[in-house]
Amino acid sequence: EGPVMAVLEKGSPRRESRSIIEWLNDERVRSVLYQAIVAIAVIAVARYLFVNTSENLQARGMSSGFDFLSGTAGFSIAWSVLPYEAGDSYFRVYLVGIVNTLLISLVAIVCTTLLGFIMGIMRLSKNWLISKIAAWYVEILRNTPLLLQILFWFLAVFSLLPPPRGSYGLLDMFFLNNRGLYMPAPVPGDGFDITMIAILLAIAATYATAVWAKKRQMATGQQFPTFWVGLGILFGLPLVVFVATGSPLTFDFAARKGFNFQGGVSVPPAFCALLLALVIYHSAYMAEAVRAGILSVSHGQTEAAYSLGLRPGMTLRLVIIPQAMRAVVPPMISNWMNVVKNSSLAIAIGYPDLVAVYMQTSLNQSGHAIEIVAMVMLFYMSVSLTISMALNYYNKLVQLKER
């Protein structure tokens, strides 16, 4: 009777329902099941949006696809790093916008990081005046809209500069007026590529020296003048090669002729205003991240460094900052990404970035709104993910390693 009842219970519906409940209560099964449901829902929504958009475009007689990229763009661009002429393709316009955006973003990121570190350290200064100046800098600029700062620099500063006739000059090489900043343009000659190779080798040698010096210090405790040796390699080697190859580099200087400057290289006022606004605004956030990172380091580290005879400057550079970077890098990732994304506000002052020349002018002419918006979103997403991956990799390197 016992084995018979066991067989009956095993095949009973109650036993089967219990096994299904136990199967659904399995954490691994639920995880896969929920992910599959979410994936199906996302695919269904995406398919609905695609079909609905396609039907609406057909109903309105609007074409879709990326064939327009080879079409002619019938407009000119005020300023571009890449060579561009009216009549080039829309894809060329896309590249011009990308390069202009990357240029302003890269320069702004470098300047933002340097100024942010300076202001963050100044906020922790024992000098009352210096710390208060840095505090007011952070509080005022961080709580003012970026768009207003961009408009201020463009309308209240650069637009009020004198005309080319009354330009502000420096060493007869740099000129600033209401039409932009004029600088000497380098003109490389034959053999300058050898100097460029020497520069790359100097950078590699400087990095190798820094790595060797750090390992040597960890092993022996002896410091190596890495900064001065690296500086000598970085500038000395290219300079020797440059002179040995006959100095194959000249400069084309800007000179005023008529009502404007000719020659050299010019940067429009919109670029200068946008750069200053991005750097000043985001450096305030960077300063707070640096201050928080430094404060996260135990004061005992400073006392230990002083007890070993390190000066305050060396203590900050060798002990405090390396440990503070563990807390500085995560907010710095967001700050760098915001610099790139906020550069799109350049449309307010006419700087020809990607949004201005491609998402506005090209979109109005071609009518391919979906494709253009998607390409612009893809660019900003790619840049943001690249910044995130690079800094996350660096963040892993500076984290504490447990034994």
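Q: So is the crossing of α6 and α9 left-handed or right-handed?
A: α6 crosses α9 in a right-handed way, meaning the near helix is turned clockwise from the far one by less than a right angle. Heads up, this is a predicted model: local features need pLDDT of at least 70, side-chain atom pairs count only at pLDDT 80 or more, and totals for chains, interfaces and linings use all residues. Residues are numbered from 1 along each chain as its sequence is written, and side-chain values use heavy atoms, leaving out hydrogens and water.

Q: Which residues of α6 make the contact?
A: Leu146, Gln149, Ile150, Trp153 and Phe154, where contact means heavy atoms within 4.5 Å. On the α9 side, the residues include Pro269, Ala273 and Tyr281.

Q: At roughly what angle do the axes cross?
A: Roughly 140 degrees, and the axes of α6 (residues 146-157) and α9 (residues 269-295) come within 8 Å. Axes here are lines fitted to C-alpha atoms, over the stretch in contact for helices, with angles from 0 to 180 degrees between N-to-C directions.

Q: New topic: what's the strand order in the open sheet?
A: The four strands go β1-β2-β3-β8, with antiparallel pairing. Strands are DSSP runs of E, at least two residues, and helices are runs of H or I, at least four, numbered from the N terminus.

Q: Which strands stand at the edges?
A: β1 (168-170) and β8 (265-267), each with a single partner strand, so one side of each has no neighbour in the sheet. Pairing takes at least two DSSP bridges between two strands.

Q: And how many bridges join β1 to β2?
A: Three, and the two strands run antiparallel. Leucine 170, for one, has phenylalanine 174 in β2 as its bridge partner.
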